[in-house]
Amino acid sequence: MAADKHAASLKMLTAALIVLLFTGCSDDGASVRQFSADAYPQRLSEWGLFDYSGAQLRLSDGVEAYDLNTPLFTDYAQKLRTVWMPSGSAAQYSSDATFEFPVGTIISKTFFYPMTDTGLVRADFTWPENTRTLSTDAVTLMETRLLVKQASGWDALPYVWQGDDAYLKIAGDLKMLEMSLPDGEAQTFPYIVPSRNQCASCHATNHTTGALKPIGPKARHLNRGYLGRDGNQLLEWQSAGRLQNLPVLEEVAINADFTDNSQFLAARSRAYLDINCGHCHNAQGAADTSGLLLDASVESNRQLGLCKPPIAAGGGTGGRTYSIVPGEPDHSILIYRLETTDPGTMMPELGRSLVHQEGVTLLKDWITSLDGECVEMSSD
Amino acid sequence: MTYTITSHSLARFLPVIVLSAMLSACGQPESAAPAEQPTTQISYEEQLRLALETASPGDVITVPEGVHPMTRSLVLNTDGVTIRGAGMDKSVLSFAGQLAGAEGLLVNASDFTIEDIAIEDSKGDALKVNEGRNIIIRRVRTEWTRGPHTENGAYGIYPVQTENVLVEGSVAVGASDAGIYVGQSRNVVVKDSRAEYNVAGIEIENTIHADVFNNIATNNTGGILVFNMPDLPQLGHSTRVFNNTIVTNNTGNFAPPGGAVAGVPAGSGIVINANDKVEIFDNDIADNQTANILISSYFSAGYSSDRETAEAFDPYPEGIFIYANRFRDGGNAPDREELEMLRLAMFGEEGSLPDVVWDGFVNPELSAENVLCVDNGESLVINIDAAGGYENVTVDMTAHTCELEKLTEVVLAAN
């Protein structure tokens, strides 16, 4: 029986692993390593991106943290994003697309939650001043996703934390978590680690070619100081020799920080739609089947959903007629999709099991502010 | 349960693990215990997922007999893979306990074959194939087992933006939109299949060159639909619907309001909406209580807006040719007030609407002959003149006594 053979093979494999653990070479353990696509390690630690002591996660030399003006919502998880490029290499600037990174680049995103005393996960977190060390005392590490640039293109690798290391889980994972909400209530939800193919569901931003790309490292997302502090990440990358062809900052696009009330409502909303929806809802994306395009480049109101009827939304309409009805968020399909947690109808399809209340509020305010009405077409 | 799914995928994956362990043994942390996931207790769900995630072109992934519970969507991104069960009533992927994912099985790949398997009770679409060439869906059953329900997933078998697509010998039951839905595709054959208790049995939308034949569509809200929707990369035309049995599609519309099919009246045999060059012949069409055939423009779709109306969208059906069908009954209890009033006024309490009901919208630059030709014995067209406020309702066949050039057969490229 194949099952027995399978089990036997795995036993042998486990034995082999144990042997290797005790006979493998040892080096300083501090430097980043690269692997060919047919030899990705099972343990995250083998990449050498981090030094994890059990109490803190420290970035290795050459591994730089960055963050985005407005990030993707992922069930209120905190995210530590890093990039590492081979010594002496640099990314090429692009005004609107993902930067062109050198072969060998490793981008990581570590998802974690702060914990309450009673072991529930929390939505709020204060990032440390020290940008190279993350104390994990009151934090639970969930997963670290890697994007690795090979000569053939980017590969996506999901690693799931368990004890002192994270382990490659090609098929992803599901973990039930309990979150302490700001109102004192607790909510249980399935935290989803995407499978490798599900990584492509977002990162194959051109669904026709299927080629994976990082989403965050674009000029408009990075154009800010790390964690909102002084300075500018693009200038820092440039001065470190990690970014070439950067124009003067005045010419670089900038997405709004969706939480920053001092910025225009429309800019904050478009930034939110861009990072949360634009990877599929773009003219080449998986969701071009819907005719609804939400990335930053879209200028047509109709493509953005104004008075646009759905195509194949099924129950995803929530009984509503148009994606966006100006002035009427509660009649807009877009809001329905964000407010539901039904896996068959919610948006985004991947990456959340909870409602992002702050995002919903923002987009409701924006739709409320829009003028006009949707009128029945006549044939005259 | 037996674990025999992964004919060679998993077998090939194992050496990879070993190899990677050998190459990457440097720099292990202090903890030497192999804390890997408990490998001997991988559920069938995880085995199948791993087989899909690590598939190589040419792989045949076999799914054994049994009901296999799934909690998350399955995704396949590798070209040239076959998924093969032991029969559509034997190998069942059950998503009744699904916690995450918008589909049952999502395929983003070409040269894909799936056969002899069932996908049940997914939260969203059951089987979605998004972009790909040479797709074969053979003897696949998609079903929501509680029967018609608004909260069932939208589509059963759902290839979209695909080319060279064969759906054959399949069964689709209970979809809250369309059981078999082919969207924005090119060169499509749907045959020898059965669609029952869906809102739309079989729907061809924004698709170029489709042959739909030898199917049974019954107990749906609408049997077979050929639609065009605006705002999409491709407008459809050239669909042949022939040799099908389209009877008793009288199930109340249970689609969530808002979508296109929510506007389909219960009791619709065939519905053409805003599509062009559709040939309907040699079908058995009977007992569909609103109408055996409905021809309508986008204006009758229940919604439409004039705000930046999609450029290049043609809201009018044109080039519809209906001949040599066998009609029986139908049109006796229309699911629309205006149609019921027309029935009573023109045909009496016991009367029925004619076999073909047309909303009467014509492109101002064209005439009725461009819309609809009928050569079907005694069968009549009723133009309900929805365009003119139902003022000039007529069953005059003068404008429809015409013939159109017949469409060519869809020939699928060999693969």
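Helix 5 (residues 265-277) of chain A packs against helix 7 of chain A at an angle of about 130 degrees, and their axes lie 9 Å apart. Helices (H or I, at least four residues) and strands (E, at least two) are DSSP runs, numbered from the N terminus. The axes are lines fitted to C-alpha atoms, for helices over the stretch in contact, and the angles run from 0 to 180 degrees between N-to-C directions. Helix 5 of chain A and helix 7 of chain A are therefore oblique to each other; angles under 35 degrees count as roughly parallel, over 145 as roughly antiparallel, 65 to 115 as roughly perpendicular and the rest as oblique. The crossing of these two helices is left-handed, a term for a near helix turned anticlockwise from the far one by less than a right angle, whereas clockwise gives right-handed.

The model is predicted: local features need pLDDT of at least 70, side-chain atom pairs count only at pLDDT 80 or more, and totals for chains, interfaces and linings use all residues. Residues are numbered from 1 along each chain as its sequence is written, chains are lettered from A and ligands numbered from 1 in the order in which they are written, and side-chain values use heavy atoms, with hydrogens and water left out.

In the packing of the two helices, Leu265(A), Ala266(A), Arg268(A), Ser269(A), Tyr272(A) and Leu273(A) of helix 5 meet Gly359(A), Leu362(A), Leu363(A), Asp365(A), Trp366(A) and Ser369(A) of helix 7. Contact here means heavy atoms within 4.5 Å. By class, this contact has seven nonpolar, three polar and two charged residues; Ala, Val, Leu, Ile, Met, Phe, Trp, Tyr, Cys and Pro count as nonpolar, Asp, Glu, Lys and Arg as charged, and the others, Gly among them, as polar. An α-helix has 3.6 residues a turn, so residues three or four places apart point the same way.

The loop between helix 6 (333-339) and helix 7 (357-369) of chain A contains Pro348(A). A cis peptide bond, with omega of about -10 degrees, joins Met347(A) to Pro348(A).

Chain A as a whole has seven helices and 14 strands. Of its 380 residues, 56% count as buried, where buried means under 20% relative accessible area, exposed over 50%, and partly exposed in between (1.4 Å probe, protein chains only). Among the contacts in chain A with a separation of 6 or more, 58% are between residues 24 or more positions apart.

Some of the strands of chain A form an open sheet of six, in the order 3-4-6-9-10-11 with antiparallel pairing. Two strands pair if DSSP finds at least two bridges between them. Strand 3 (64-66) and strand 11 (165-168) of chain A stand at the edges with a single partner strand each, so one side of each is left without a neighbour in the sheet. Neighbouring strands of this sheet are turned by 30 degrees against each other on average, direction ignored. Within it, strand 6 (residues 106-114) and strand 9 (residues 139-150) of chain A pair in the antiparallel sense over nine bridges. Ile106(A) has Val148(A) in strand 9 as its bridge partner.

Another open sheet of chain A has three strands in the order 7-12-13, with mixed pairing. Its edges are strand 7 (121-122) and strand 13 (186-193) of chain A, each with a single partner strand, so one side of each is left without a neighbour in the sheet. Strand 7 pairs with strand 12 (residues 173-180) of chain A in the parallel sense over two bridges, and Val121(A) stands opposite Met179(A) in strand 12.

Asn223(A) is placed in the loop between helix 3 (219-222) and helix 4 (233-239) of chain A. At 6% relative accessibility, Asn223(A) counts as buried. Residues up to four places away in sequence not counted, Asn223(A) touches Asn69(A), Asn232(A), Leu234(A), Leu249(A), Val252(A), Ala253(A) and Ile254(A).

Chain B contains four helices and 28 strands. Of its 415 residues, 64% count as buried. Helix 2 (residues 44-53) of chain B is mostly covered, with nine of its ten residues buried; among them are Tyr44(B), Leu48(B) and Leu52(B).

Asn134(B), although not a glycine, has a positive phi of about 60 degrees. Asn134(B) belongs to strand 8 (residues 125-143) of chain B and, at 11% relative accessibility, counts as buried. Asn214(B) also has a positive phi of about 60 degrees without being a glycine. Asn214(B) lies in the loop between strand 15 (208-213) and strand 16 (216-218) of chain B and, at 35% relative accessibility, counts as partly exposed.
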